[in-house]
Amino acid sequence: MSGIQTMGQKNLMFFSGRAYPQLAEEVARNLGVEITPTSLRDFANGEIYVRYLESVRGCDAFVIQSHTAPINQWIMEQLIMVDALKRASAKRVTVIMPFFGYARQDKKGRGREPITARLMADLFKQAGADRLMSIDLHTSQIQGFFDGPVDHLFAMPILIDYLRDKIDPATTTIVSPDTGRVRLAERWSDALGTPVAFIHKRRDLDVANQVKVNEVVGKVRGRTCVLIDDMIDTGGSICKAADALYEHGATNVIVAATHAVFSDPAVDRLKNSAISEVIVTNTLPISEEQRFDKLTVLSIAPLIARAITEVFTDGSVTSLFEGDS
């Protein structure tokens, strides 16, 4: 028999960029590992330097980075981290991006536009990523942009567990803020036993973050409405949707979203709105200045840690969602 056999064991190593160290530390605690020591610094002209302070040869590497502002810097840092791992002979590299940067640019709405979500997937593949892991992608089709496994995790079970004791299904309606989220609203409805409504809206293609609400479709009068979305950026869409629900007779509006992007003036809009509670996860950092009385932040770290464990042990990530894929 030719060749050499070894009795080596798999070795999980966990790495973090500088964008959101608090989330990385929480994930590491849930995993029961330490974050691998890494030298990360900027040169005077803004170029990023990465060097790992321990051997990574043959390891199963998991690299987490939240794509928060300044988003281009942190994406570039994660790309360089992946490249460094491949050149240092890591066996497999899984890129964890709780919030997938540029996910909204997933198709051409008009001529001469880019599909930047596809470019993102290509960049990480070219850098050396073997696998991607993200939470609540803007659209599921993004999974097909990457030539390799993509673990699409869902925050819905975490949000539903929190809401279950706060609402009465008999008087609650799950509301999609647009037609693109109706399928997700149906999944929420199945889990909670509530009806579904949706809001028909038009977006101004020439002005970013501007929407016009046209009509509410579904049973909302005299009911508590749980308005769901994948992200809150400037808060304009979600606040207009909440206003439309109140105009159609809703007695209470709760917002549940995964990614708290909270670009200005989102915090002011949400604080001054008639929304009773805003529930988000910590996929992105939320500063003290961005927190307000109506805001509830749920931790996504246990979900990420469980997904990492399933990937490392060749288990089933799908099993985390009771058969949903």
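## Backbone features in the loops

Tyrosine 102 sits in the loop that runs between β5 and α3 (116-127). This is a predicted model, and in it tyrosine 102 has a phi near 70°, a positive value in a residue other than glycine. Its relative accessibility is 27%, so tyrosine 102 counts as partly exposed. Serine 89 also has a positive phi, of about 75°, although it is not a glycine. The loop that holds serine 89 lies between α2 and β5 (92-97). With a relative accessibility of 30%, serine 89 is classed as partly exposed. Most residues other than glycine have a negative phi, and most peptide bonds are trans.

One runs from alanine 69 to proline 70, with omega near -5°. Proline 70 belongs to the loop between β4 (60-64) and α2 (71-87). The other joins aspartate 264 and proline 265, where omega is about 5°. Proline 265 is part of the loop between β12 and α7 (266-271).

The domain assignment of the chain gives domain 1 as 12-153 + 302-317 and domain 2 as 156-284. In the contact, 14 residues come from domain 1 and 15 residues from domain 2. The C-alpha centres of domain 1 and domain 2 are 29 Å apart.

The size of an interface is often given as the accessible area lost when the parts come together. For domain 1 and domain 2 the buried area is about 1,200 Å², with 54% of it on carbon and sulfur atoms. Of the area that domain 1 buries against domain 2, 41% is supplied by Phe99, Arg110 and Asp136, more than by any other three residues.

## Threonine 258

Threonine 258 is a residue of strand β12 (residues 252-260). It has a relative accessibility of 2% and therefore counts as buried. Its side chain makes a polar contact with the side chain of aspartate 136, at 2.4 Å.

Not counting residues up to four places away in sequence, threonine 258 touches Ile135, Asp136, Ala155, Leu159, Asp229, Asp230, Val280, Thr281 and Thr283.

An unreviewed UniProt entry places the feature "binding site" at His138 and Asp178. These residues are spread over 41 residues of sequence but cluster in space, with a largest C-alpha distance of 12.7 Å. Of these residues, His138 is included in the lining of the second largest pocket. Histidine 138 is located in the loop between β6 (131-135) and β7 (150-153). Leaving out residues up to four places away in sequence, histidine 138 touches Ala103, Arg104, Arg181, Asp230 and Met231.

Aspartate 178 lies in the loop between β8 (172-176) and α5 (182-192). Is aspartate 178 buried or exposed? It counts as buried because its relative accessibility is 19%, and the cut-off for buried is under 20%. A polar atom of the side chain of aspartate 178 lies 3.0 Å from the backbone nitrogen of glycine 180. Apart from neighbours within four places in sequence, aspartate 178 is in contact with Phe198, Ile199 and Lys201. The C-alpha atoms of aspartate 178 and valine 261 are separated by 19 Å, and the two residues are 83 residues apart along the chain.

Lysine 201 is in strand β9 (residues 196-203). As noted above, Lys201 is one of the residues in contact with aspartate 178.

UniProt also places the feature "binding site" (unreviewed entry) at Arg203, Asp229, Asp233, Thr234, Gly235, Gly236 and Ser237. Of these residues, Asp229 is included in the lining of the largest cavity. At 10% relative accessibility, glycine 236 counts as buried.

Definitions and conventions. Residues numbered from 1 in each chain as written. Predicted model: local features only at pLDDT ≥ 70, side-chain atom pairs only at ≥ 80, totals over all residues. Heavy atoms only, no water. UniProt positions renumbered as here; feature names shortened; annotations may be inferred. 1 Å grid on protein atoms, 1.4 Å probe; cavity = no way out; pocket = protein on both sides within 12 Å on 5 of 7 lines; lining within 4 Å. Helix = DSSP H or I, 4+ residues; strand = E, 2+ residues; numbered from the N terminus. Contact = heavy atoms within 4.5 Å. Buried < 20%, exposed > 50% of the residue type's maximum accessible area, 1.4 Å probe, protein only. Polar contact = N/O pair within 3.5 Å; in protein donor to acceptor, adjacent residues only side chain to side chain. Domains from an automatic or database assignment. Buried area = accessible area lost by both parts, 1.4 Å probe.
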